[in-house]
Amino acid sequence: MSDSRTRSRRRKAGTGSGDTTPAKVNKVTKTVQPVSDCSCSSTSQRLDRKFYDVPGEQLARDLLGQNLVRMVDGVRLCARIVETEAYLGAVDKAAHSYRGQTDRNTAMFMLPGTAYVYNVYGMYCCMNISCQGEGCAVLIRAMEPLEGVVKMEELRRGKMKTSAPSAGKTLKVKDLCNGPSKLCQSLAINKPDLNQRDLVTDGGTWLEKGEGVQTCDVVVSARIGIDKAEDWVLKPLRFYVLHNPCVSVRDKHAEKDLQAKKM
């Protein structure tokens, strides 16, 4: 932990993390197409430190529409972020860093733009990105596959349990990354390989500027799977793109409120 502490940088504010529930795994087909006409480009602008060096709630909103890129076996995988959750540090009772820095959550105390990958139930992973504020981070909850879909299928298939009830079902492209653990499987994201990596400089995983999402199309609701954080259980710290089919869980009441504001 001493090496990690030297690389960490303390910042102003709280201490946050990404919390989630593991997603079910389904069987995929060989012939699929991206759910969007959008695509990533190797010439796209890579997001710099300044982009990440903002408060958690702002980064959670700003990440919507941006593209996560990962190179796997020489294949470029790219997906558009469509759902996030903010974790706000020492004040946030749902955050991994609520009680301070540990070996597990050290990445949350490092430079904004550092990947925080942790294991769930010993078999799933979830990916967060650190931001401004000591111990604050944003969980990437769902993405829309854009590029390298066939490789994503292959990676998901390698993680499937043949005995699972859903093993014999067809998996649609929109289901490849519609959950925090699913997206990690589809992009081969794991703790040993990516935790504490700097997404600003890393050669294998980074974020590129996408189309972005207008505020009028951002649904804000409570985070998923938070039930033991007292007054933080219902805090509106989840953000997702309205009508996007890759969102993990819809909040119809929040959507109705958002659409009412458009009228």
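I started with Glu208 and found it buried at a relative accessible area of 2% (buried is under 20% relative accessible area, exposed over 50%, partly exposed in between, with a 1.4 Å probe and protein chains only). Glu208 sits in strand β8, residues 205-208 (helices, H or I, of at least four residues and strands, E, of at least two are DSSP runs numbered from the N terminus).

A note on what I was viewing: this is a predicted model, where local features need pLDDT of at least 70, side-chain atom pairs count only at pLDDT 80 or more, and totals for chains, interfaces and linings use all residues. Residues are numbered from 1 along each chain as its sequence is written, and side-chain values use heavy atoms, leaving out hydrogens and water.

Next I looked for disulfides (cysteine sulfur pairs within 2.5 Å) and found zero. Cys125 is in none, with the nearest cysteine sulfur, that of Cys184, 5.7 Å away. Cys125 is buried at 12% relative accessibility.

Then I turned to salt bridges (a side-chain nitrogen of Lys or Arg within 4 Å of a carboxyl oxygen of Asp or Glu), and there are 18. In one, Arg238 meets Glu83 at 2.6 Å, N to O. I traced Arg238 to strand β10 and Glu83 to strand β3, 155 residues apart. Both Arg238 and Glu83 are buried.

I also checked Lys93 and Glu230, a salt bridge of 2.6 Å, N to O. Both lie in loops, Lys93 between β3 and β4 and Glu230 between β9 and β10, so the pair ties together parts 137 residues apart in sequence. Lys93 is partly exposed at 27%, and Glu230 is exposed at 60%.
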